[in-house]
Amino acid sequence: MTILEGQWSFGSHEIPTGRTDAIAGIAGGTLAAAGFYVPAIPLTVALVGIIWLAMLRNRRRRFTMAFGWHFAAAAGPLAGLWNTGASEWLWAAVILYLLIVATAFARWNAGVVVAASMMNPWHIGSVPLAAGELWPGTGLAGLILLVVALTIMDGGTSGVRSLCAALTVGSAAWAWSQYSPAPAAGMTSVPLSPPAAITRMGQDQRILASLEGSAATAIVTGENIIDRRDPTAMQRWCDHAARTGITVFAGVLEKDLRSTVHLFSPTNCRVQPVYERLFGLPGIEGGWGIGRGVLETVNLDHRPIHWLICFETFSPLAWLLASPKPGSAVVIIANDYWIHPVPVDTLRTKVAGAMARLLGVTAVTAESRSSRVEFQTSKARQ
């Protein structure tokens, strides 16, 4: 094989570099889309695209592969922008950001770029989300291992890369042999699909009716299932908790469009939330920017409960800032119905599973229109 100006030459066959660059972009996008959005394909397939990119030396080819990969990984949030009628400037900002990320991957070491992206809570398509597929139960060390491995893959000689690959496979096999999943400890996800209603009051009444008869001691609903702009909504849920004796943690859309989690207790119905979304997605209803996060520590059956709302699931930094201890539970409050038919719920399940394995915790999701999470105490389970 010889390299001619502007083209690759394989014997008598010449392939224009522009076409090869385009193929690299399509390959990167295909691997990311398959790993993130196809249920039967593991998340590690998406990681293969970044490892492949790290081994490329042609900057233009690295750029196209990085852009294709991140554009495919961002398909879900981009669909959300489309469905909510985001303004042109926001679309332009997202595309510009993806171009900047692709340029960074083209010019700098892939491990360095991945480490930097992990510190940006709004980075779309974070590579470290797949770390739990390789090194479960290793926590922050697993994230560091992934960054180190990519750094060596990008900058090392062929011999060093081979050694790095062997060590990665060996350490991953060891991590899996030592890993044991965190117990669910009385947490179950059950369907929540009340019939549609015309008014907000009607929706609330049907959702509340669907919660009755449950043996659970606490129930978690999805994101923004209560609209605080309705002045009577909070009281309806307080009255329900007092009447049924069931504690409910419900996703609330605040008057200023922040997303929060409120506690509706049978004995003390408080207006103040226990969690406010720490990182919102710009341009999406429910508020965006930096929030306050945990407002009140929650323990159910002597088990710490940590919260993530919507887009926070896809932010490695949000997972780390939640600081879930091994054996604790992370409850994800989401409302992915408005992004359908893009399978963001599939992406969320994959990412949550990988991060839960990495941190040694249990992750469970409450969807606004399809499922809720029920808790039972040890005494109730007996």
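**Close-up 1. Helices α10 and α11 of the predicted model, whose axes come within 11 Å and cross at roughly 20°.** The structure shown here and in the other views is a predicted model. Two packed helices are described by the angle between their axes and the distance between the axes. Helix α10 covers residues 200–211, and because the angle of roughly 20° is under 35 degrees, α10 and α11 are described as roughly parallel to each other. The crossing in which α10 passes α11 is right-handed. On the side of α10, the residues that make the contact are R200, M201, D204, I207, L208 and L211, while α11 contributes A233, R236, W237 and H240. Sorted by class, this contact of α10 with α11 has six nonpolar residues, one polar residue and three charged residues.

**Close-up 2. The disulfide between C238 and C269.** A search of the whole structure finds one disulfide, and in this link, which joins C238 to C269, the distance from S to S is 1.8 Å. The angle about the S-S bond is -65°, and the link of C238 and C269 is left-handed. Since C238 lies in helix α11 (residues 233–244) and C269 lies in strand β9 (residues 269–276), the pair ties together parts that are 31 residues apart in sequence. C238 has a relative accessibility of 13% and therefore counts as buried, whereas C269, with a relative accessible area of 25%, is partly exposed.

**Close-up 3. Helices α3 and α5, whose axes cross at roughly 140°.** Helix α3 is formed by residues 59–73 and helix α5 by residues 88–107, and their axes come within 8 Å. With this angle between the axes, α3 and α5 are therefore oblique to each other, and α3 passes α5 in a right-handed crossing. The residues of α3 that take part in the contact are R59, R62, F63, A66, F67, H70 and F71, and those of α5 are I95, L98, L99, V101, A102, T103, F105, A106 and R107. Divided by class, the residues of the contact of α3 with α5 are eleven nonpolar, two polar and three charged.

Close-up 4. If its neighbours within four places in sequence are left aside, G222 is in contact with G251, I333, A334, A366, E367 and S368. G222 and F249 are 27 residues apart along the chain, and their C-alpha atoms are separated by 9.0 Å.

**Close-up 5. C310 and S323, two residues with a positive phi.** Most residues other than glycine have a negative phi. C310, although it is not a glycine, has a positive phi of about 55°, and S323, which is also a residue other than glycine, has a positive phi near 50°. C310 is found in the loop between β14 (303–309) and α12 (316–322), while S323 lies in the loop between α12 and β15 (329–334). The relative accessibility of C310 is 9%, so C310 counts as buried, whereas S323, at 39% relative accessibility, counts as partly exposed.

Definitions and conventions
Residues are numbered from 1 along each chain as its sequence is written. This is a predicted model: local features need pLDDT of at least 70, side-chain atom pairs count only at pLDDT 80 or more; totals for chains, interfaces and linings use all residues. Side-chain values use heavy atoms; hydrogens and water are left out. Axes are lines fitted to C-alpha atoms, for helices over the stretch in contact, and angles run from 0 to 180 degrees between N-to-C directions. Helices (H or I, at least four residues) and strands (E, at least two) are DSSP runs, numbered from the N terminus. Angles under 35 degrees count as roughly parallel, over 145 as roughly antiparallel, 65 to 115 as roughly perpendicular and the rest as oblique. A crossing is left-handed if the near helix is turned anticlockwise from the far one by less than a right angle, and right-handed if clockwise. Contact means heavy atoms within 4.5 Å. Ala, Val, Leu, Ile, Met, Phe, Trp, Tyr, Cys and Pro count as nonpolar, Asp, Glu, Lys and Arg as charged, and the others, Gly among them, as polar. A disulfide is a pair of cysteine sulfur atoms within 2.5 Å. Buried means under 20% relative accessible area, exposed over 50%, partly exposed in between (1.4 Å probe, protein chains only).
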